[in-house]
Structure formats: C-alpha cells, structure tokens
Amino acid sequence: MSREKRIGEVVLDLQHISLAFGGVKALTDISFNVREHEIRAIIGPNGAGKSSMLNVINGVYTPQQGAIEFQGKSFAKMNPRRAAEMGIARTFQNLALFKGMSVLDNIMTGRNLRMKSGILAQAFRWGPAEREETAHREVVENIIDFLEIQAFRKTPVGRLPYGLQKRVDLGRALAMEPRMLLLDEPMAGMNVEEKQDMCRFILDVNDEFGTTIVLIEHDMGVVMDISDRVVVLDYGKKIGDGEPDNVRNNEDVIRAYLGVSH
Amino acid sequence: MAQPDPRNAAATSADTLPRLLLSHARTRGDRPAIREKDLGIWQTWTWAESAARVRTIACGLAAKGVVRGDHVAVIGENRPRLYWTMMAAQSLGAIPIPLYQDAVAQEMVYVLQDADVRIAVVEDQEQVDKMFEIMAQAPSLKAVVYDDPRGMRHYNDPALLSLDDLEVLGKAHDAANPGLFDDAVAAGKPEDTASMLYTSGTTGKAKGVVLTHAAFIGRARACERLEGLTDREDVLAYLPPAWIGQNIFSYIQPLVTGFTVNCPESPETVDIDMRAIGPTYYFAPPRVLEALLTQVTIRMEDAGYLKRKMFHHFMGVARKVGTDILDGKSVGMGDRLHYALGNLMVFGPLRNALGMNRVRVAYTAGEAIGPDLFVFYRSIGINLKQLYGSTETSVFVCIQKNGQVKSDTVGPPTDGVEIKISDAGEILVKSPGLFKEYYRNPAATAEVKDADGWFHTGDAGFVDADGDVKIIDRAKDVGKLANGAMFAPKYIENKLKFFPFIKEAVAFGADRSEATAFINIDVEAVGNWAERRGLPYAGYTDLASKPEVYELIAECVEQVNADLARDPLLASSQLHRFLILHKELDPDDDELTRTRKVRRGFINQKYAVLVDALYTGKTHQFIETQVKFEDGRTGSISADLPIRTVKTVGAMREAA
C-alpha cells in the first residue's frame, strides 16, 4: 500500500547561505527549501558540509551571508533556543544523551521546553506539578510505545547497544513534538536490521505525526528509498537537488559522491 | 491462600466456555479476569467487564455475518481483545482458529483455505498486510478486523475494519437484537467444537485438530482438582496463542477456574513483566527454561569472585538436598540449615530475579527436558513438574504428582485417562479430552484414532514400576545403528542441548555405523565466553567457525559421550564426529517447526552434503545456503565448515 503524499507548502527556505570558519569555507552560497511533511535528505561525501548545514538550520552556527525563512518568518540568524521553540528538534551524529540516566528520563528531558511549573514545584511534585508530570509522562510513554523500547524503559542509556541509543535519541527529539525533525546520520554505525528498523520509524514519524524531516545520511540505498527530495553537497557547494531518481543519474553527483566517473 | 472455593453450582455446571465466562461474571464479577500492561501501566478488566466486551464483540461479529459453525481466524500476540474475540466467536457457536503470528503469509494461506475462514481478527498492520497478500488465494476471506490502529491510517479497503468500529457496530446490533447473544450462548452444546488448532507437524501439511468444549473443560477440571487451583492464581500469557499449551494454560484454564491472565507489554518485556506479576501458575517449554538458565549462568560468570563462589557453593548444596526438601523427604538437620541459608542468600534472590517467587505450580512440556536443567529449577525450590500431552489430547494426559517427581518420566495418567503401550512400543491414549477429528481429513483421523477410540501418539515409551510414563523419543525417529543397537536421536540431542553453549543439535546415526551430529551454538553464551577470552568475532557464522569454539564444543560432546557410555543400551550411540552449522536453524527456513522442533527429514535432505561429509572422512566441507529474512526476502550464507572428530569412551566392548 503506497504512502499517500500530503506534501504541502515550503516551510523552510534557505537563501544563499555561506558559512566560513576563518579561511575555511564550509558552505558557499547554498539555497534550497523544505516542504511541509516531506522527507528531505542532504547527502555528500565526508566534509561536504552536511552537518554544518543542519547546524545552520537549528541555529548552532550563524552563517555570514544568506537568510533563513521558517514558516514565513525571515531570520538573518537562528539560535538554538528559538529553533526549539519554533518546533525544530534534532538528533546528533554522536548522540547527545545522558548515559547514566534511564531511557525514560532521557526522553523526558525532551519535554523540558514544555514544562510550565517551576523547578521547586517540580522537585517536590507540588500541586499542579504532579498533574503536569503525569501528562508529560503520558506523551513519553506513547513515544516509548511507538519506538518499541518498552523493555528498556528503566535501563541506563549507557548500557544499551548503539542502535538502541540512536532510537532513544530519536525519542528525545520526538518528545518535543516537533514540526520539523533534523536527523544527523540516523543510520550511522548500524547493522542492516537496525537500519531497516530506523527507516521504518522515520517513515512512521513522518506518516503518523506529519513531521517534516530533514536528514543527513551516508547510506545511498536508504536515502533513495525513503526521501522525497535530495540535496547533494560537495566541498560546501550544492551540486544537485531533486527527486532521488534525478539525483541518482546526475553526472556531477555520481562523480563527486560515488567517486566513479565512467 | 487456598480459600473455600466460592464457585457456585452455576459455575461448576457451566458446560461450555461462554457459559463459564458468564457464570464468572455473575459470581466473581469484580475479580480481575485479564490484565495488560499498556503505556507502562497495568490495566485490569474484571470478569464482568470482560463478559460485557465479549458480548459487544460477539454482536459485532454477528453483524458482520458470522454464524454458528463459521471459522474465525485470530492472529496476534496475547492481547485482551484477541482473547475476547475468541470468546466472542465461541459465544456465537463460531470456531476460533488461532494462527502463529510469526508465520509468513504463504504459510497462512493453507489454513484459511482449508477451514474456509470468513473473517480474520488480527493484531496489527503487519498481520493485515499478510491477509491482503493472500486474500486472492483464499476467496472465502471476506473481512479483516484489526486491533492496533498504528500505521493503518491510509488503509481504506472496504474489507477492513478496526476492532473499535466492530465494537460500535456490535453495540448497535445488540440494541437492535437484544436476545441474540444470550440465545446464542444458550444454544451451545458441550459436544460442539470449541476451537480448532492447526498442528505444525514435523512432517507434511498442517492438520486442523477439532476440539470440543467438553474435552477442554473436562481436562482443565482434572488439572484443577489435581493441583488445587483457585481463582486467585496469576498466569502470564507469553507464548504464541496458536500453540495448544498456551491456549490451555492462558485461555482455557483461566476460563474454567476463574483466575487472572496477564498479558505482557511486548514480547521483549516478558522478563520484566514476569517479575512484576509474579505468576503463581507457570508454564514453559524446555527451551524457555534453558534460555533463562543460560542467562543466569552468563551473569554468574560475569559476577565478582565472592558472588560466584557463593553461588557455586550453594548450588552444590541445592543439588544435594534441594529436590528432596521440595519433595518433603527426610533430610538431615545440618543440610536443612545449610539449605535455608542458601535460600536466604542465593535461591530466594535468584527465584525473585526469575520472577518465580510466587510460583506454586510450574509445568514444562512440549519436548523432553534435560535432567540437569529440570533438577536445577527444582533444587532452588521451584515446583517444576513435567506433563505429557499434545494438541490431539487437550494437553493433559499425564501430570507428575507433587512429591513424586522424577526427572525422566512425565508422571502417571490424569483422571479419566487410560494408557496402553502397543506392541511396537508406541504410547496409546484413551481420554475424555481426545480431539473429535482432523478437520475434513478422515483418512488422517483414522490413521491415529482407531475403532476402539485409542489415540496413537506416535511417541515411543513405556510405563515404569511406579505407574509413571516414560517417553523415549518420537516412535518414527527411533532407529537402529548398523550394529543393531538402539539409536534415539532426540535423546542425544537433548543431552547436547543442556550445555548452555549449544542451542540446537541434530544427531544422525540411523542405519549408519556411527553416530554424528550438527551443532548450533548459542550465540549469546558462546559470544560472552569469547568476549571474556578477548576473542573477536563478527556474527554467528564467524563465531561458529573459530577453532577455539570447536574446541569448546568438542569438550561438551565428549562429556555427552562419557555419559552415554554409562548406559549399556546407548553406549553405541556415542558421537564420533560433529560440525557446527554456519547458520542458526530457523522456522522461516523450514528447518524447525513453529514450536522449534527439529524437522529431521528436511534437514537431512537440505544438508545432505554435510551429512555425507560427516561419514566420508572429510576434514572440511564447503556449503552455501539460502536463507529467508523476516521480511520475506532471501539471501545466502556460505562457509567452509571444519569437521571435528571427538574421543569416544570404552571402545564399546561388545562390538569389539
């Protein structure tokens, strides 16, 4: 049964983004956009600027030139807090989890922005704080159910295999109930089965919650299978943009990314 | 807490499963009938609530056109609503057919065709996809109902319906036809078919085993009387519902006795949920007990020096006196005190970690259990007993009695069961719990059920001096070595499988001069062993081919040989050579049945090259094998397998 497409308007528009670290040009004049509900992949060889691109989107890096338009509002620069408040969540290539804390608590940290009661009230589970925690816990439990990690609810994250930690990282990002999810190499270091599971979860998130997804990935097979559109970067420049099939046949992309030119 | 049984006359006289449900709803309406952990919280439904839901679902099924005699396929894990669906179908006089939820679609086609299934009630998207895949091949299937709506948003086939919608439909139908449900329940007769279960069968096509209400209820009552079961028991439903064992212990027995069924949150959380629930009534096939013991062994090997020492010391005490204490035999004061200390320091915490602290009665069946494995559980104070039975006998043929438990028998026949050994050594059973017939297969029925009503079990065995039945092997598997000595492959395989490092074994030797075996290593146990030795490996195939691992397994095989040598009947069956298979035997590749029994004939054919290599003196053999992945795609694994010769003991004097 095919996935019904509900791709909408452009929600994120990046215009002429350039980013340099001293003399090193990480990104040069890059423009592309992301439509609502789509799965948008950014691919490219190592050092092409993929992670920098994500970091620009959620405000970790500030580009020297260019503008970002998110949901119709234009910004010269984002900052991570504003990005989070506007509904952009992300996962990290090297995981950003609290290794000593349980899966449950880690995902609960994703609710942080949505907690209304003060730190004291929360510490003593005072009045409304208790009700609030219950409501947040319900959201978190739904995510645990969704990601099928019930068996590890109380397990410290550091004790889980890598593939599962990646899933918890995704769970933490989902706990923000984001409109847009940035995934930095969600499949890196996984075996085939774990990759398949992760693909299913990404498609399900996109489908069930309508979340727009921007992902960086090395595994061409995965990218071509699940993305709606693909941007290709090489040495900080955009060399391709379009549907997977177009990109796959693009000469520049084949040369740069796959390293075979014949 | 054995209380005076509050079951009233109505409950004991209820003679069909739906009438039992209704009588529980009346007499113990607010007692928990079924629990399920959902979103981290245990949800409870009482008998009254369960009965109400069954009524709604039944009316929903009726609204979809299900009538008396129809077949309803039920496919999924243990979920309350799927249980209610089975009860609902039975209330209408329809016949639920539970199917193995992990079977691939093509395996289900046969059952759907054979039983003319009209409606399938399934758990989730995965099963729905399977149903649609095979709908064209099974034209009788008109509707598919699903429980879990996840991922189902874009499905809009008119044949598809959610259980929620079915219940809405049922409510309306009930209001419009108020007498429908009660009339249907009242019209049921004890000799009607209650369920149909398809036997996996190690050979040939699956057969639909037709079982009546009377057969089920009669056997469950016999067990209830024998064990003094009350409505306060808790059972964890964690095995496939399509398996007769699971069906009896988590569906029939609770319906008869009125105790509580607990459904785990997911198949992966069974260990955690088991600790949370602490079942009092427990059933596990040997492979589950084996897996648990392997886990315990691994964790103990990883534990600190002091803990390890303490564990081994007290396990020694347990082996010496544990089972005697459990059986109530006389044991010296010193040993008793020693055991009590062990109970405080080791056995108690261990039982707790296994979730078996409250277990009053635990059964194992389905396969023979290794004596050491069996004794391990009993020695730490868990009342594990063996029973004997099959789908065709509503399970309970023999049950070991408390205090009279031997590791190599399955106990005396239960109430009302007669046992006879045929001239060929096959066990024959006559029991009120016998199946009616194989569905639409009188030839197969006649083959196993003779004119006098004796059921031919196909198991070879005998009755010992105490009247306990002892099973040796499948009658058709017991063969002879070339020198005429008895060769019982299963017996040897079970001995091998008791080692935590060996997960599966297939022994060869019928009509050959010597016995040999294929081994599957237990990747968890051997992997852990390898890690502790700093031995790097990349997956099963790599690990299995390591010389160190061969050395390890050779030691196990030699121990088995030493053991076999002690029994004059079996000394000739000592293993001369073995190899470790490059892949794990898998039901998806038809090498095991869904209940994980070795399909001997098939393996013999599939790996003929390897079997030959074992007997032609080769030192290694190349093999390439097709494998099926979970999603139905195929791939291949290849390896050059070393063949290892091992020491045998005693050189078999009489042969020389």
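What percentage of the 656 residues of chain B count as buried? The answer is 48%, where a residue is called buried if 20 or more other C-beta atoms lie within 10 Å of its own, exposed if 12 or fewer do, and partly exposed in between, with the C-beta atoms placed from the backbone. The structure is a predicted model, in which local features need pLDDT of at least 70 and side-chain atom pairs count only at pLDDT 80 or more, while totals for chains, interfaces and linings use all residues. Residues are numbered from 1 along each chain as its sequence is written, and chains are lettered from A and ligands numbered from 1 in the order in which they are written.

Chain B contains 22 helices and 28 strands; here helices (H or I, at least four residues) and strands (E, at least two) are DSSP runs, numbered from the N terminus. Its radius of gyration is 26 Å, close to the 26 Å that the globule rule gives for 656 residues, so chain B is as compact as a globular protein of that length. The radius of gyration is taken over C-alpha atoms, and the globule rule is 2.2 Å times the number of residues to the power 0.38. Along the principal axes, the C-alpha atoms of chain B fill a box of roughly 80 × 65 × 55 Å. Two residues are in contact if their C-beta atoms, placed from the backbone, lie within 7 Å, and among the contacts in chain B between residues at least 6 apart in sequence, 64% join residues at least 24 apart.

The domain assignment, whose bounds come from an automatic or database source, divides chain B into domain 1 (54-188 + 229-266), domain 2 (286-433 + 442-474) and domain 3 (479-655). Between the centres of domain 2 and domain 3 of chain B, taken over C-alpha atoms, there are 25 Å, and their contact takes 15 residues from domain 2 and 16 residues from domain 3. On the side of domain 2 of chain B that touches domain 3, the elements giving two or more residues are helix 12 (286-302), helix 15 (371-379) and strand 20 (469-474), and helix 12 gives the most, with six residues. By class, this side of domain 2 of chain B has five nonpolar, four polar and six charged residues; Ala, Val, Leu, Ile, Met, Phe, Trp, Tyr, Cys and Pro count as nonpolar, Asp, Glu, Lys and Arg as charged, and the others, Gly among them, as polar.

We can now look at some strands of chain B. Strands of a sheet pair through backbone hydrogen bonds, either parallel or antiparallel, and two strands are said to pair if DSSP finds at least two bridges between them. Strand 1 (residues 32-38) and strand 2 (residues 41-46) of chain B run antiparallel and are joined by six bridges, and in the hairpin that they form, with two residues between the strands, B:Leu39 takes a positive phi near 50 degrees. Strand 1 of chain B also pairs with strand 11 (residues 260-263) of chain B, in the parallel sense and over three bridges. B:Glu36 takes part in both pairings, for its bridge partner in strand 2 of chain B is B:Gln43, and in strand 11 of chain B it stands opposite B:Cys263.

Elsewhere in chain B, three strands form an open sheet in the order 8-9-18, with antiparallel pairing. Its edge strands are strand 8 (193-199) and strand 18 (437-438) of chain B, each of which pairs on one side only. Strand 9 (residues 207-212) of chain B pairs with strand 18 of chain B over two bridges in the antiparallel sense, and B:Val210 stands opposite B:Glu437 in strand 18.

Chain A has ten helices and ten strands, and buried residues make up 39% of its 262 residues. A compact globule with 262 residues would have a radius of gyration near 18 Å, and the 19 Å of chain A agrees with this. The domain assignment of chain A gives domain 1 (1-87 + 180-194 + 214-262) and domain 2 (99-177), whose centres, taken over C-alpha atoms, are separated by 28 Å. Seven residues of domain 1 of chain A are in contact with seven residues of domain 2 of chain A.

Finally, the two chains meet where twelve residues of chain A are in contact with ten residues of chain B. Helix 5 (residues 128-146) of chain A gives the most to the side of chain A that touches chain B, with four residues, and the residues of that side divide into two nonpolar, two polar and eight charged.
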